[in-house]
Amino acid sequence: MMKAKESVFDKKKELIKDHIKAESLKQSKERIIRNELLSIRYKIENYIDSNTFEPEKSLKALDFIKMYLKVLDITKKDLAKHLDMHDSNLHKYLSGERKLNAQIVLKLSKFTHTNPEYWFRIQIKNELLELKKESEKVSDYTKYDYKYLAED
């Protein structure tokens with residue numbers, strides 16, 4: 001009996017998928033790009049709002065920018081030029097090697113049509129993930145307790 005219910009559910013699910021695919025094919029190229037960009041924005045929002053702190057699932061600004069570049073069919077070098085930067089500097093900011101600053105964040109925000117706060121929140125979330133990972137080695141930091149300095 002349970003298999004029959006699953007089978008009906010699966011058939012309905014496939015019908016809905018087929019309908020969505022058929023409707024997607026009717027969309028203009030601009031509409032498809034706009035939807036894909038909106039999808040990336042939702043992925044960013046989901047990432048920064050999720051309460052999961054799993055370092056192995058961390059995403060950097062670079063990961064999200066790569067999604068934008070793929071949809072827009074442009075290179076990171078093109079983006080760097082558009083943002084008046086060297087591509088190596090842009091990569092350092094997006095990969096987390098350098099901390100994002102207000103100017104970079106505003107440029108990314110304008111480029112992606114997103115809230116500037118998102119980019120700082122991605123950075124902060126990743127720093128918290130790093131802190132959580134490092135906190136597992138808490139015993140390595142015991143010697144920094146002020147009590148040991150006060151005893152000398």
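Ile44, Leu108 and Trp119 touch the most other members of the largest nonpolar core, which has 27 residues. Such a core is a set of buried Ala, Val, Leu, Ile, Met, Phe, Trp, Tyr and Cys residues joined through side-chain atoms within 4.5 Å. Buried is under 20% relative accessible area, exposed is over 50%, and partly exposed is in between (1.4 Å probe, protein chains only). Keep in mind that this is a predicted model: local features need pLDDT of at least 70, side-chain atom pairs count only at pLDDT 80 or more, and totals for chains, interfaces and linings use all residues. Residues are numbered from 1 along each chain as its sequence is written, and side-chain values use heavy atoms, with hydrogens and water left out.

- At least two core residues come from each of helix 2, helix 3, helix 4 (76–82), helix 5 (87–95), helix 6 (102–112) and helix 7 (116–135). Helices here are DSSP runs (H or I, at least four residues), numbered from the N terminus.
- Helix 3 gives the most to this core, at seven residues.
- Setting aside residues up to four places away in sequence, Trp119 touches Ile44, Ala61, Phe64, Ile65, Tyr68, Leu100, Val105, Leu108, Ser109, Thr112 and Thr114. A contact means heavy atoms within 4.5 Å.

**Ser109**

- Ser109 sits in helix 6 and is buried, with a relative accessible area of 8%.
- Beyond its neighbours within four places in sequence, Ser109 is in contact with Thr114, Asn115, Pro116 and Trp119.

**Helix 2 against helix 3**

- Helix 2 (residues 29–49) packs with helix 3 (residues 61–72) at an angle of about 175°, and their axes are 10 Å apart. The axes are lines fitted to C-alpha atoms over the stretch in contact, and angles run from 0 to 180 degrees between N-to-C directions.
- The two are therefore roughly antiparallel, a label for angles over 145 degrees.
- On the helix 2 side, Ile33, Glu36, Leu37, Ile40, Arg41, Lys43, Ile44 and Tyr47 meet Phe64, Met67, Tyr68, Val71 and Leu72 of helix 3.
- By class, that contact has ten nonpolar, no polar and three charged residues. Nonpolar covers Ala, Val, Leu, Ile, Met, Phe, Trp, Tyr, Cys and Pro, charged covers Asp, Glu, Lys and Arg, and the others, Gly among them, are polar.

**Positive phi in the loops**

- Asp73, in the loop between helix 3 and helix 4, has a phi near 55°, positive in a residue other than glycine. Asp73 counts as exposed, at 69% relative accessibility.
- His113 is not a glycine either, yet has a positive phi of about 60°. His113 lies in the loop between helix 6 and helix 7 and counts as exposed at 67% relative accessibility.

Technical notes: Angles under 35 degrees count as roughly parallel, over 145 as roughly antiparallel, 65 to 115 as roughly perpendicular and the rest as oblique.
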